[in-house]
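Here are a few exercises to work through with the coordinates open. Try each task before you read its solution.

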2 protein chains.
Amino acid sequence: MSDMDLKLTDRPLGVFDSGVGGLTVTRAIRELLPNEDVIYLGDTARLPYGSKSPDIIRRFALEDTQYLISKGVKAIVVACNTATAHALEVLQETYRLPIVGVLEPGVQATLANGSSKRVGVIGTNGTIQSQAYQAALKRLRPELEIYAVATPLLVPFIEENWLDHEGLKLVLQTYLKPLQKAQIDTLVLGCTHYPLLKSVLTEILGEEVRLIDSASCCADAVATVLKDQDLLALNSREATIQIHFTDLSQQAQTLASHLMCREKIVFKKAVL
Amino acid sequence: MSDMDLKLTDRPLGVFDSGVGGLTVTRAIRELLPNEDVIYLGDTARLPYGSKSPDIIRRFALEDTQYLISKGVKAIVVACNTATAHALEVLQETYRLPIVGVLEPGVQATLANGSSKRVGVIGTNGTIQSQAYQAALKRLRPELEIYAVATPLLVPFIEENWLDHEGLKLVLQTYLKPLQKAQIDTLVLGCTHYPLLKSVLTEILGEEVRLIDSASCCADAVATVLKDQDLLALNSREATIQIHFTDLSQQAQTLASHLMCREKIVFKKAVL
């Protein structure tokens, strides 16, 4: 193994999202790959991505990726469903380093259970309108019945930290009604914020509906890619996590510390 | 009157907001000043402003204003409470043309009724945390009791167009509870989206609580400034409205046409 290879493996992983939601992916990566340094970029100045159009999201995703590459990362994780849906292809065509999205791993996890017949997908307007989940699931298993619903009010409730509010339950009942009527057996959580809603979703849908958490599926995919490409960190020192925000507000730092279970984090302001 | 003056009066008014909310101000201006051409800038690529920090909002507001000045406007209306709260002062210090914010007119309208004793203010996190309304009201009438509540979930409900949803009512009941307990007699709608909630607010608070609509108050202030500075349009031709969006999505155009009562509008993509 040459010095060049050694240096590459020691480089940090780059992870980006529009805000703090992608930290659910980062946390899953940290649990699975505790030796990996991570530089996380949250584009908090321009969030959210979920309501914006494909052209704008592609431009933002290219800028986010360019920023992380300039920091010397060895691979990129697109920890945002909307950015993955609109921009993963152009990112992979543009850059040579490995780039993992959050969408394909969730699709694979859905299909891994051969008994899924009626699959619901929830996500932002951008993710659902892109048809990315629907097309990938249909392509790989044409007989699946797929029911997709855009659920744009969920992130605002999560960011208000009103996870037990009766208003959230009423909102979810409206969003989930067509999925319940269709008797889905599996629900893909197509937004990296949504793992925080698992318990209220199960309360409404019942234990028998399987929830696919795209955050933890993505972490598994990252581990596989790093292993396959001989990019796993070889050091045994304590790994570091840096969080770079384009709007470095106190609120974002507090929420990030909370999502990362108060792990020691270095915060920085990012200028794209 | 010289040609130069004539040319200045014929120039359009510039109005900006983070998204479509400022169109409630634009509509009020159109009703009051039907001869004025308007160029409206909605920074839809970077919306919302209400959850972001003062530094970022000042930078965005300076860029928005610079863009409108480059289009030849004769005056600027900051049709966004958060941008007014954080950036009006720096804009007025930076540029020579008249710049009207959305906040002072609402404060004046609140105080115009001498019988107001207990005033509630609702707005985004940014507007409420800035203390701009609270400080202005207190400065002008120190004996007022002021109760301010950040209500970040309201704009998402409005943008989902769920104005009659029971979930919205539960959310409003939680937000308004401390204001009801304090027996407010006046409520300042400190966000240009909120006029759309007038009927549900009255349903919860009762007819006796006066609602201050910062959008229509702002239009009155714009008319006064243009008149005082001899800037009123002298033409009698049909005025035009251009809407420039940094993210020119179909959704934004549809919502804008709806908010402007299907008036004929020219849409353009803005690059800041």
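A residue counts as buried under 20% relative accessible area, as exposed over 50%, and as partly exposed in between. Keep in mind that this is a predicted model.

**Exercise 1. Classify both ends of the salt bridge between Lys169(B) and Glu203(B): buried or exposed?**

Step 1: find the pair. The closest N and O atoms of Lys169(B) and Glu203(B) sit 3.7 Å apart, and the cut-off for a salt bridge is 4 Å.

Step 2: Lys169(B) belongs to helix α9 of chain B and Glu203(B) to helix α10 of chain B, 34 residues apart, so the pair links distant parts of the chain.

Step 3: apply the cut-offs. Lys169(B) has 17% relative accessibility, so it counts as buried. Glu203(B) has a relative accessible area of 55%, which means exposed.

**Exercise 2. Which residues are linked to Arg46(A) in a network of salt bridges?**

Step 1: start at Arg46(A). One salt bridge goes to Asp43(A), with the closest N and O atoms 2.8 Å apart. Another goes to Glu63(A), where the closest N and O atoms are 2.8 Å apart.

Step 2: look at the second pair in the fold. Arg46(A) is in the loop between β2 (38-42) and α3 of chain A, while Glu63(A) is in helix α3 of chain A, 17 residues apart.

Step 3: check accessibility. Asp43(A) is buried because its relative accessibility is 1%. Arg46(A), at 10%, is buried too, whereas Glu63(A) is partly exposed at 29%.

Step 4: collect the network. Asp43(A), Arg46(A), Arg59(A), Glu63(A) and Asp64(A) are linked by salt bridges. Over all chains, the structure holds 18 salt bridges.

**Exercise 3. What does the interface of chain A and chain B consist of?**

Step 1: size it up. Each chain gives residues to the contact: 29 from chain A and 29 from chain B. Between them the two chains bury about 2,200 Å², with 63% of it on carbon and sulfur atoms.

Step 2: go to the chain A side. Elements giving two or more residues to the side that touches chain B are α3 (54-70), α8 (154-159) and α9 (166-181) of chain A. The largest share, six residues, comes from α9(A). By class, this side has 13 nonpolar, ten polar and six charged residues.

**Exercise 4. Where is Leu172(A), and which residues does it touch?**

Step 1: locate it. Leu172(A) is in helix α9 of chain A, and it is buried because its relative accessibility is 0%.

Step 2: list the contacts. Leaving out residues up to four places away in sequence, Leu172(A) touches Leu154(A), Val200(A), Leu201(A) and Ile204(A).

Step 3: follow one contact. Ile204(A) lies in helix α10 of chain A and, at 16% relative accessibility, counts as buried. Its contacts beyond four places in sequence include Lys169(A), Leu176(A) and Gln180(A).

Step 4: zoom out to the largest nonpolar core. This core has 51 residues, and Leu154(A) is one of those touching the most other members, along with Leu187(A), Tyr194(A), Leu154(B), Leu187(B) and Tyr194(B). Apart from this core lies another, of 31 residues, including Val15(B) and Ala256(B).

Terms used
Residues numbered from 1 in each chain as written. Chains lettered and ligands numbered in written order. Predicted model: local features only at pLDDT ≥ 70, side-chain atom pairs only at ≥ 80, totals over all residues. Heavy atoms only, no water. Contact = heavy atoms within 4.5 Å. Buried area = accessible area lost by both parts, 1.4 Å probe. Helix = DSSP H or I, 4+ residues; strand = E, 2+ residues; numbered from the N terminus. Nonpolar A, V, L, I, M, F, W, Y, C, P; charged D, E, K, R; others polar. Core = buried A, V, L, I, M, F, W, Y, C linked by side-chain atoms within 4.5 Å. Buried < 20%, exposed > 50% of the residue type's maximum accessible area, 1.4 Å probe, protein only. Salt bridge = Lys/Arg side-chain N within 4 Å of Asp/Glu carboxyl O.
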